[in-house]
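The stops below proceed from the whole chain to individual side chains.

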Amino acid sequence: MSQKTDLIRRSDDVTRPDLSRRLFLAGTAGTLACLSGTGPASAAIQVADLRGSIDAPDLGLLPDQHADQSSAFQHALNTAVENGRALFLPGGNYPVSNIRFPSGTLIVGVPGRTRLVYQGGGGLLASTQDTSHISLSGVVFDGANRSLGEHTEGLLDFVNVTDLRLEDCIISGSTKTAIVVTRCSGEIRGCQISGAAEAGIWSNEAKGLSLTDNTVQDCAAGGIWIHRWSVGEDGTIVSGNRIERIASRHGGTGQWGNGINVFRAGGVVISGNRIADCAFSAIRSNSGSNVQIIGNSCLRSGEAAIYSEFEFEGAVISNNIVDGATTGISVANFMQGGRMAVVSGNLIRNLSDIGPYPAEVAGFGIGISVEADTTVNGNVIEGAPQYGMLLGWGPYLRNVAVSQNVLKDCRTGIAVTVVEDAGSASIQGNIIQGSKDLAIAGYRWTDQVTGDLSQSNDWEHLLIAGNIVRD
């Protein structure tokens, strides 16, 4: 870290002697420049050689100017990069647009005070393509709710960047997505993202990306999107983020309005996030194989809190808290290839049977719903208005093992399909208390067609044993 960067992060009196040193160094460099016959820019670069960074004002880029500073900004940035230096931006507003980050960009601002304000005109605030080692720290990127051009999906647009680093930045007021990263590696960490008209962060075809410790709030269509154009390994890590108040401006039945949305991306790890007040799901993985959804807090989801659905193979959903949703966890769509999951150690409560659209299929108010090649164990579900658990749907049931779960105060404890051609299920060692209808019941789609299977079971595809049922 450069001396300049270190000084910006400290506010005690230790910085004062260095200010005098800075003036001394500037004077020395100016003298050397005069002796060598070079101009002010060369003097600034010589100062940077001693300090490790270049101050933007030394290159003619001044904060709080009314005129557009795009040209001055680009010149200062290019000069810093050409000389292998960081560009330090003092606090203040910089009205700019269509900035291009060259390889080797290192920009350091004063957190919360250095503001790049988009000037509009049908472009975007900043972008880069086919570059490497882009680092932005302590900068506010303000879209000012001005229209973006048709050629971009985001206020900040990064394409094919190796080692992208955004740290402690603020991104606000985008009329589309705040940050779009396509085929990028690197990390977005500790940033605050709010007020985007689409998503906060949209990653496409990542090549080793981590999204950690960010705050994403008040976005109109999604929080964090991890997408691919075709099904494939992705490996993005989404961890420790705080995601709140995500709307669904486009409506629909769940493709919008999610805190974290995975689409066609394999090997994604979603852990330790706090996700609250999403119009639809806190976490929704569509065709994302080998997804891990671990240790997240999902509060007040408008639809199913956690989804693994459609053409996926492999999901681990464990140790999550779901408090408020229409369905706690849904592992669905065996009819389209969705299979193979572990659902364990989750706590689910305060569910509702009133959803954001007219009820379809089994409806709302379900604790955990699973279909194929799945174990469900060690979960606690309380107060499901319809089913504590729903096992299978019509003929779509195969190799489901349900054990050591606690289901309390659900209308029906466990509903399992008994439609012809349904596969096997084992229901053993669960505690079911306070079911308003039956503890375990067989269903043909939405119709209950058996008595209490915890007392008598004649269905060959079901093994039901050792469950404790209490009033």
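A residue is called buried when its relative accessible area is under 20%, exposed when it is over 50%, and partly exposed in between, using a 1.4 Å probe and protein chains only. By that criterion, 55% of the 471 residues of the protein are buried. The model is predicted, so local features are reported only at pLDDT of at least 70 and side-chain atom pairs only at pLDDT 80 or more, while totals for chains, interfaces and linings use all residues. Residues are numbered from 1 along each chain as its sequence is written, and side-chain values use heavy atoms, leaving out hydrogens and water.

**The whole chain**

Display the protein as a cartoon, which contains 4 helices and 44 strands. These elements are DSSP runs numbered from the N terminus: helices are H or I with at least four residues, strands are E with at least two. For contacts, meaning heavy atoms within 4.5 Å, consider pairs with a separation of 6 or more: residues 24 or more positions apart account for 62% of them. Switching to a surface, one finds an accessible area of about 18500 Å², of which carbon and sulfur atoms hold 49%; such areas come from the Shrake-Rupley method with a 1.4 Å probe, and for residues only the protein chains shown count as cover.

**A nonpolar patch**

Select Ile321, Leu347, Val380, Val406, Ile431 and Ile468, which make a nonpolar surface patch of about 410 Å². Patches consist of residues with over 30% relative accessible area and no salt bridge, joined within 9 Å for like charges and within 5 Å for nonpolar side chains (Val, Leu, Ile, Met, Phe, Trp, Tyr). A salt bridge places a side-chain nitrogen of Lys or Arg within 4 Å of a carboxyl oxygen of Asp or Glu.

**Aromatic pairs**

Next, show the aromatic rings. Rings of Phe, Tyr and Trp (its six-membered ring) pair if their centres lie within 6.5 Å; planes under 30 degrees apart are stacked, over 60 edge-to-face, and the rest tilted. The count is 7 aromatic pairs. In one of them, phenylalanine 101 and phenylalanine 158 have ring centres 6.3 Å apart and planes at 10°, so the pair is stacked. This pair joins distant parts of the chain, 57 residues apart: phenylalanine 101 sits in the loop between strand 4 (99-100) and strand 5 (106-109), phenylalanine 158 in strand 9 (residues 154-167). Phenylalanine 101 is buried at 2% relative accessibility, and phenylalanine 158 is buried at 0%.

Move to tryptophan 225 and tryptophan 256, whose ring centres are 6.0 Å apart with planes at 55°, so the pair is tilted. Tryptophan 225 is in strand 17 (residues 222-233) and tryptophan 256 in the loop between strand 19 (242-246) and strand 20 (258-266), so the pair ties together parts 31 residues apart in sequence. Is each of these residues buried or partly exposed? Tryptophan 225 is buried at 4%, whereas tryptophan 256 is partly exposed at 27%.

**Two loop serines**

Select serine 301, in the loop between strand 25 (297-299) and strand 26 (304-309). Serine 301 is buried, at 8% relative accessible area. Leaving aside residues up to four places away in sequence, serine 301 touches residues including Cys278, Phe280 and Thr326.

Finish at serine 289, in the loop between strand 23 (283-286) and strand 24 (291-294). Its C-alpha atom is separated by 4.5 Å from that of phenylalanine 312, 23 residues apart along the chain. The side chain of serine 289 reaches the backbone nitrogen of glutamate 313 at 2.9 Å.

Conventions: A polar contact is a pair of N or O atoms within 3.5 Å; within protein, one must be able to donate a hydrogen and the other to accept it, and residues adjacent in sequence count only if both atoms are side-chain atoms.
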